[in-house]
Amino acid sequence: MKPVIGLTLSVENDTSFINWRYTKSIIEAGGLPVGIPLWVEEDAEQLVQMFDGLVLSGGGDIHPHIFGEEPHQKLGPVNSDRDRMELALAKAAIKQGIPIFAICRGHQVLNVALGGTIYQDIYSQRKDIYLHSQTAPRHEGTHFISVSENSLLYKLLGKDKIVVNSFHHQAIKDVAPGVKVTGKANDGIIEAVEIKDYPFCLSVQWHPEEMGMGGDEDSKKLFAAFIEASKKVEVGSK
């Protein structure tokens with residue numbers, strides 16, 4: 001049996017959707033993706049029991065009221081329904097201990113779900129910031145990050161420096177309790193975290209599904225490791 005992977009969907013113009021590169025990355029790594037719609041937050045714990053792993057996907061901005069701030073003038077479009085759904089799923093997944101792969105917005109959602117905050121707009125709230133909304137093709141890496149040697153990311157890739165793609169203007173600000181930083185851009189923006197003492201959690205600010213479908217082997221390794229960890233979730237353990 002292939003591991004069943006819950007995958008959160010984006011929402012725009014009254015339509016739920018997902019970039020096919022997420023689903024194909026999961027399928028090629030050996031998993032079976034299942035999209036998760038809005039308004040399931042009240043049943044998040046039951047839903048998570050159906051999954052062997054959870055992908056928190058990319059998308060729009062997170063509403064600042066969730067972490068106690070007023071909206072910044074550079075805040076982009078928000079969707080509170082999606083916020084509530086993904087925060088509930090993240091908390092339920094952590095409670096159940098299933099593998100988590102959080103990507104871009106999902107990386108920020110994971111931190112907020114655990115009590116952290118984010119920059120609403122890095123360009124106006126931080127100084128000397130690189131371009132994090134790239135103009136290059138989506139599958140190309142455009143800036144480097146440093147990887148902590150004491151991390152799952154380093155264990156999987158065996159590198160202390162990698163190049164990543166970048167499509168965001170928000171980023172982690174205050175790191176949540178129980179979360180450790182495992183990767184940073186040279187301008188100080190947090191690019192990777194994981195949950196301390198958690199079975200398997202990859203949380204990255206970039207888009208490995210884009211790079212992997214463009215042929216990047218490191219990105220493919222991340223999906224392969226996530227699916228392999230999801231295979232180890234025993235029936236009845238969730």
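Phenylalanine 226 has a relative accessible area of 0% and therefore counts as buried, a term that applies under 20% relative accessible area, with exposed meaning over 50% and partly exposed in between (1.4 Å probe, protein chains only). This is a predicted model, in which local features need pLDDT of at least 70 and side-chain atom pairs count only at pLDDT 80 or more, while totals for chains, interfaces and linings use all residues. Residues are numbered from 1 along each chain as its sequence is written, and side-chain values use heavy atoms, leaving out hydrogens and water.

The rings of phenylalanine 200 and phenylalanine 226 have centres 6.2 Å apart and planes at 40°, so this pair is tilted; rings of Phe, Tyr and Trp (its six-membered ring) pair if their centres lie within 6.5 Å, with planes under 30 degrees apart counted as stacked, over 60 as edge-to-face and the rest as tilted. Phenylalanine 200 lies in the loop between strand E12 (190–195) and strand E13 (201–204), 26 residues from phenylalanine 226 in helix H8, where helices (H or I, at least four residues) and strands (E, at least two) are DSSP runs numbered from the N terminus. Phenylalanine 200 is buried as well, at 7% relative accessible area, and phenylalanine 101 is buried at 0%. Phe101, Phe200, Phe223 and Phe226 together make up one aromatic cluster, and the whole structure holds three aromatic pairs.

Elsewhere, a helix contact can be followed. In H3, residues including Leu87 and Ile94 meet residues of H4, among them Val109 and Leu110, contact meaning heavy atoms within 4.5 Å.
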